[in-house]
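Here's a quick briefing to read alongside the structure.

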Amino acid sequence: MTPQAIDQIQETFRANKIPDTYGLRVGIRGGGCGSSWVLGFDQPGQADEVFDIDTIRVIIDKKHLLYVLGVEVGYENTEAERGFTIQKPEETVSEPQ
């Protein structure tokens, strides 16, 4: 998570008086070419893994771990755009030794 995303998430928790039992759910919806990212505030369930990342409780459905681990949650606040962003790390191809 970028520092801007952490600040925005913490501010959202404070401003909306979201209880400490909630965390940031990160996941995917759909599949294949029609998949989209899911970000929201939720409580963990039995099918979830919970991670503490830079003071933020992050909730990920175990079925989504393969797709979600390693992504970066950011926050943009410019004239053109405002909101959360998700960046997947660049896949690198290793050359044979």
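Thr 12 sits in helix α1, where helices are DSSP runs of H or I with at least four residues and strands are E runs of at least two, numbered from the N terminus. This is a predicted model, so local features need pLDDT of at least 70 and side-chain atom pairs count only at pLDDT 80 or more, while totals for chains, interfaces and linings use all residues. Residues are numbered from 1 along each chain as its sequence is written, and side-chain values use heavy atoms, with hydrogens and water left out.

**Thr 12**
- Thr 12 has a relative accessible area of 16%, so it is buried (buried means under 20% relative accessible area, exposed over 50% and partly exposed in between, with a 1.4 Å probe and protein chains only).
- Skipping neighbours within four places in sequence, Thr 12 is in contact with Ile 18 and Phe 41 (contact means heavy atoms within 4.5 Å).

**Aromatic pairs**
- Searching the whole structure turns up 2 aromatic pairs (rings of Phe, Tyr and Trp, the last by its six-membered ring, pair if their centres lie within 6.5 Å; planes under 30 degrees apart are stacked, over 60 edge-to-face and the rest tilted).
- Phe 13 and Phe 41 pair edge-to-face, because their ring centres are 4.9 Å apart and their planes stand at 80 degrees.
- Phe 13 is in helix α1 and Phe 41 in strand β2 (residues 36-42), so this pair ties together parts 28 residues apart in sequence.
- Phe 13 counts as buried at 17% relative accessibility, whereas Phe 41 counts as partly exposed at 30%.
- Tyr 75 and Phe 84 are edge-to-face too, with ring centres 5.0 Å apart and planes at 70 degrees.
- Tyr 75 comes out buried at 12% relative accessibility, and Phe 84 partly exposed at 35%.

**The nonpolar core**
- The largest nonpolar core has 12 residues, among them Ile 6, Phe 13, Ile 18, Leu 24 and Val 58 (a core is a set of buried Ala, Val, Leu, Ile, Met, Phe, Trp, Tyr and Cys residues joined through side-chain atoms within 4.5 Å).
- At least two residues of this core come from each of α1 (3-15), β1 (23-29), β4 (56-61) and α2 (65-68).
- Beyond its neighbours within four places in sequence, Val 58 touches residues including Met 1, Leu 24, Val 26 and Phe 51.

**The β2-β3 loop**
- Gly 45 lies in the loop between β2 and β3 (48-53) and counts as partly exposed at 40% relative accessibility.
- Gly 45 and Ile 60 are 15 residues apart along the chain, with 9.6 Å between their C-alpha atoms.
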